[in-house]
Amino acid sequence: MPVTAPKLMIIGRDGILNHFREDHVKEPEELEPIPGALEAVAQLNHAGWHVVLATNQGGIGRGLVDMASVNAVHLRLMKMLAAKGGRIDAVFFCPHAPEEACDCRKPQPGMMFDIARRYGVDLKQVPMVADTLRDLQAAQAAGCPPHLIKTGRAAEVTEDERLQWVQSVPGTVVHDDLGAFARYLLQRDAAAKPAPNDAQGH
């Protein structure tokens, strides 16, 4: 086991990496990446970040999608990412329908707690990227720094509604898309690195 926990982030899938579909992504061909999103993951990977998916897949619980289809969709996603030089480290998903009242369907934090256990990370150090109020609330419940990007379902609401989301989850940082989030994070990382002469004193 490494002494230091990995640099880890949690992102949703639909509306963040690929276009959201009301009728669910039921087969690989229906997975359409949002322009620049896969490249953003590769950029983050190259900077040492591990990216983990946490996605509600209620279509399984409703009988609209089966496990084989979900696996096939994620295989296509992995191949498309690999072509850009990126990767997703792991996929955590909630298969339950909303009415099953589980503890893993976002806004519940169960998936994030599972991720923290798997990787041995402190969720206060794990940014979480959302495109819905529900996902922001899941980040808040888990203790992850919340980030909202204005793609997917966040693109379908008014600026006022997005502002209400942000106000209801204090600390939320807003970005135009996953690429803008990646740039923000990499700039923050660069600013936090001590300059070479800092260690020498004056």
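Buried here means under 20% relative accessible area, exposed means over 50%, and partly exposed is what lies in between (1.4 Å probe, protein chains only). This is a predicted model, in which local features need pLDDT of at least 70, side-chain atom pairs count only at pLDDT 80 or more, and totals for chains, interfaces and linings use all residues. Residues are numbered from 1 along each chain as its sequence is written, and side-chain values use heavy atoms, with hydrogens and water left out.

Stop 1: Start by selecting C144, which is buried with a relative accessible area of 4%. A search of the whole structure finds zero disulfides (pairs of cysteine sulfur atoms within 2.5 Å). For C144, the nearest cysteine sulfur is that of C104, 16 Å away. Now move to C94, which counts as buried at 0% relative accessibility. C94 is in no disulfide either, and its nearest cysteine sulfur, again that of C104, is 3.5 Å away.

**Stop 2: helix α1.** Next, select residues 37-46, which form helix α1. Helices (H or I, at least four residues) and strands (E, at least two) are DSSP runs, numbered from the N terminus. Seven of the ten residues of α1 are buried: A37, L38, A40, V41, A42, L44 and N45. Just after α1, look at G48, where phi is positive at about 95 degrees.

**Stop 3: α1 against α7.** Axes are lines fitted to C-alpha atoms, for helices over the stretch in contact, and angles run from 0 to 180 degrees between N-to-C directions. Which residues make the contact (heavy atoms within 4.5 Å)? On α1, pick A37, A40, V41, Q43 and L44; on α7, pick L178, G179, F181, A182, L185 and L186.

Stop 4: Most residues other than glycine have a negative phi, and most peptide bonds are trans. In the loop between β1 and α1, find H24, whose phi is positive at about 75 degrees. H24 is buried, with a relative accessible area of 18%. Then go to the loop between β3 and α4 for A101, with a positive phi near 50 degrees. A101 counts as exposed at 68% relative accessibility. The loop between β3 (90-94) and α4 (110-119) also holds P107, and the peptide bond from K106 to P107 is cis, with omega near 20 degrees.

Notes. Contact = heavy atoms within 4.5 Å.
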